[in-house]
Amino acid sequence: MVNAKINGIPVQVAEGTTILDAAEKVNVRIPKLCYNDDLPAWAACGICIVKVERNPKMLRACCTPLEEGMSVITHDPEIVQVRKTVIELILSTHPDDCLQCPRNQSCELQTLASEFGVREQPFEKRLRDLPIDTSTKSLILNPDKCIRCGRCVTVCQQMQNVWAIEFLGRGESTRIAPAADVSLADGPCIKCGQCSAHCPVGAIYELDQTKEVWDALMKGGEEAKTCVVQIAPAVRVALGEEFGLKPGTVLTKKIYSALRRLGFDTVFDTNFSADLTILEEGTEFVKRFTDFASGNNKELMPLITSCCPAWVDYMEKYYADMIPNFSTAKSPMQMMGSMIKTYWAEKAKVDPKKIFSVAIMPCTAKKWESGRNKDMFSSGERDVDVVLTTRELARMIKQAGIDLVNLPEEEADSPMGPYTGAGTIFGATGGVMEAALRSAYYLVTKEDLKDVNFTGVRGLSGIKEARIHIKGIEVRVAVAHQMGNIASVLEEVRKAKADGKDVPWHFIEVMACRGGCIGGGGQPYGATDAVRQQRMAGIYSDDEKSTYRCSHHNPFIGTVYKEFLEQPGSHKAHQLLHTHYRKLELYNK
Amino acid sequence: MAVAQIEFSKELQSFVREWRDKPGNLIMILHRVQQEFTYIPREAAEQLSRDLKIPLAKIYGVITFYHYFKTTKPGKHRISICLGTACYLKGSQSLIEETESILGISGSEVTEDGLFSIDAVRCVGCCGLAPVMMVGDEVYGKLTKEQVPEIIAKYRNIG
């Protein structure tokens with residue numbers, strides 16, 4: 001342990017603790033801008049400088065460890081002046097269009113400028129006028145707004161191992177861009193949006209499609225459309241943060257009411273189609289595993305989940321050799337989209353052409369997924385017309401003057417609203433695996449598990465493993481989240497296959513974002529591990545409160561198979577609920 | 001890869017092999033690639049990305065960080081004019097302006113016939129000859145701007 005003083009307050013911390021973290025222990029908040037809890041300190045901005053007694057230099061608190069006997073001053077008039085100058089220098093290359101900026105009121109630079117009372121522009125303004133990249137239809141990169149803090153680059157390269165962006169050039173002309181200045185869409189970007197979730201300013205943000213949705217909701221007469229909406233598991237435990245509630249507050253039924261007040265005609269829940277996914281993917285797993293156990297089609301083991309569109313994109317670019325191992329089941333969002341414009345349209349006697357299908361997702365990659373390939377048009381129309389992120393939905397609710405927090409609760413519409421606990425846990429890392437195991441056990445044994453909780457696959461640890469015995473056969477599973485953690489799992493699978501050895505796992509769940517969808521790139525800003533834990537706790541409390549906790553117990557799942565889909569894996573299910581993959585180049589141009 | 005393949009000479013291939021696993025290999029190899037192609041073609045960068053298992057983004061981070069590395073083909077005769085302290089004080093800025101005006105291009109551009117390109121460089125290591133201009137590997141020292149047209153004409157005649 002290290003003993004030192006911060007502003008005269010004694011502090012004891014573990015060796016290696018930075019001054020920044022040590023100060024927080026004694027309730028001293030040192031401002032930070034380039035620093036982010038998820039990332040290693042990079043000391044780019046200089047806002048966190050502090051003084052240390054008997055040291056003539058000012059030191060950066062984010063990357064300086066507290067040492068024995070140190071006496072640190074974090075705030076005095078001179079330090080405040082230096083920090084203010086740092087902000088003024090950054091602002092000298094930053095546009096002043098805060099009112100039109102997507103990060104207005106959620107911008108960390110704006111907040112600092114406000115806290116430090118910046119009122120003047122002492123330095124000559126030098127804007128760069130670089131082109132805006134709108135190529136991905138998910139994320140927008142506006143390099144003019146960039147303050148070169150480096151968070152997005154570290155996220156993309158270290159956390160996600162995607163390498164879509166890098167610092168190009170040097171000095172004043174440094175900019176964030178894909179290699180060779182190709183557009184984002186022509187490079188390795190997987191649209192996970194973690195760059196946008198970590199950007200402190202308005203340099204990378206989601207494509208805002210709220211206008212398209214407002215337009216559809218407003219259309220009347222001949223052009224009127226039946227507006228149908230679905231919400232993803234992870235949205236319900238995070239949306240509240242935009243309205244002053246604690247992370248993890250479960251708002252499912254208030255969100256249903258809000259969506260109706262916005263003007264949606266029918267409200268469905270992606271949790272229902274998550275249950276449907278389990279039936280399809282669980283059946284797929286049981287078939288492959290049974291084959292495997294009897295020595296057939298060994299190369300089709302392990303089965304790898306495919307719910308996460310950023311992961312699908314990554315796999316097609318970086319692990320195309322694993323395509324045969326990928327579950328062909330579509331994501332719950334796309335299954336719901338397809339079911340809305342076929343099964344429900346038929347049942348409700350609505351022309352699919354007259355349906356406008358919206359999905360509220362915690363994710364920026366979902367925007368891309370909805371047009372990924374022709375399978376996303378399986379109803380004959382675009383199955384999901386527009387995807388909105390949690391952040392966009394929050395804006396619409398605010399625009400409509402809906403008091404979300406105090407809204408009366410409502411139920412989702414039947415039959416694709418009611419869900420089980422297994423559907424809701426899709427929102428957290430490990431959830432798809434846990435839900436699949438709950439049902440796979442039943443599909444093989446025709447008996448239900450006594451304890452449906454698989455706590456071994458829950459939590460924020462980067463790679464999790466578990467084993468269960470089904471009819472005496474051991475099933476080994478692995479769960480990985482945060483794209484950068486995936487390589488070690490898949491390399492082990494590749495190696496086992498190359499060496500002709502038994503595969504290390506039979507079933508692997510992969511989610512691109514840290515914590516799974518609750519930590520998605522389209523969620524409210526400011527996710528730290530503490531926030532992710534709270535959101536996950538919300539997800540699991542929703543599971544525990546559910547009447548049914550296994551997807552195969554959802555009575556409406558039974559109904560849709562009976563009335564429409566026949567059985568899991570049927571020809572019809574394959575047409576509507578499954579998809580194809582192909583190898584993608586890292587660079588198109 | 002969507003980008004066309006590129007042929008590395010045998011020497012370059014064995015150089016890449018030799019350096020593949022050594023620390024600091026990327027810059028050494030990029031030097032050698034630029035020596036072979038006069039710049040770092042996109043195709044070469046992609047080839048290196050595959051051979052060295054280094055993401056293309058990282059390679060471009062390095063190429064664009066150092067002025068020395070070029071991503072576009074320079075002129076047949078690369079004119080380097082030194083803007084280091086000694087040369088600058090001796091008026092090398094006027095050498096740049098004169099050269100730009102004769103060739104009708106500005107720094108980092110290439111003449112339409114592909115013959116010339118201009119680079120402003122920092123110190124070529126012979127400050128005693130300031131101001132200095134180089135054409136290819138040829139050094140011209142203690143220059144005045146009046147001598148520039150003659151030098152350029154000489155290389156234009158070579159073609």
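This is a predicted model: local features need pLDDT of at least 70, side-chain atom pairs count only at pLDDT 80 or more; totals for chains, interfaces and linings use all residues.
Residues are numbered from 1 along each chain as its sequence is written, and chains are lettered from A and ligands numbered from 1 in the order in which they are written.

Chain B contains seven helices and four strands. Helices here are DSSP runs of H or I with at least four residues, strands are runs of E with at least two, and both are numbered from the N terminus. Read from the N terminus, the order of elements in chain B is α-α-α-α-β-α-α-β-β-β-α. The C-alpha trace of chain B spans about 50 × 30 × 25 Å along its principal axes. Chain B is divided into domain 1, residues 10–65, and domain 2, residues 77–158; such bounds come from an automatic or database domain assignment. Between the C-alpha centres of these two domains of chain B the distance is 28 Å.

Helices α2 (residues 25–37) and α3 (residues 42–52) of chain B have axes that come within 11 Å and cross at roughly 145°. Axes are lines fitted to C-alpha atoms, for helices over the stretch in contact, and angles run from 0 to 180 degrees between N-to-C directions. The crossing of α2(B) and α3(B) is right-handed. A crossing is called right-handed if the near helix is turned clockwise from the far one by less than a right angle, and left-handed if anticlockwise. On the α2(B) side the contact involves B:Asn25, B:Leu26, B:Ile29, B:Val33 and B:Phe37, and on the α3(B) side B:Ala44, B:Leu48 and B:Leu52. Two residues are in contact if their C-beta atoms, placed from the backbone, lie within 7 Å. By class, the residues of this contact are seven nonpolar, one polar and no charged. Ala, Val, Leu, Ile, Met, Phe, Trp, Tyr, Cys and Pro count as nonpolar, Asp, Glu, Lys and Arg as charged, and the others, Gly among them, as polar.

The four strands of an open sheet in chain B have the order β2-β1-β3-β4, with mixed pairing. Two strands pair if DSSP finds at least two bridges between them. Strands β2 (116–121) and β4 (138–140) of chain B each have a single partner strand, so one side of each has no neighbour in the sheet. The twist from one strand to the next averages 20°. Strand β3 (residues 133–135) of chain B runs antiparallel to β4(B), and three bridges join them; B:Met134 stands opposite B:Val139 in β4(B). Helix α6(B) packs on this sheet, touching β1 (77–82), β2 and β3 of chain B, and its direction makes about 150° with that of β1(B).

The contact is made by B:Leu95, B:Glu98, B:Thr99 and B:Ile102 of α6(B) with B:Val148, B:Pro149 and B:Ile152 of α7(B). Five of these residues are nonpolar, one is polar and one is charged.

Chain A has an open sheet of five strands in the order β2-β1-β5-β3-β4, with mixed pairing. Its edges are β2 (9–13) and β4 (58–60) of chain A, each with a single partner strand, so one side of each is left without a neighbour in the sheet. Neighbouring strands of this sheet are turned by 40° against each other on average, direction ignored. Strand β1 (residues 2–6) of chain A is antiparallel to β2(A) and joined to it by five bridges, with A:Val2 having A:Val13 as its bridge partner in β2(A).

Some backbone details follow. Most residues other than glycine have a negative phi, and most peptide bonds are trans. A:Met301 and A:Pro302 are joined by a cis peptide bond with omega about -5°, and A:Pro302 lies in the loop between α8 (270–293) and β12 (303–304) of chain A. The peptide bond from A:Ser414 to A:Pro415 is also cis, with omega near 5°. A:Asp129, not a glycine, has a positive phi of about 55°.

In the contact between the chains, 15 residues of chain A meet 13 residues of chain B. The side of chain A that touches chain B has nine nonpolar, two polar and four charged residues.
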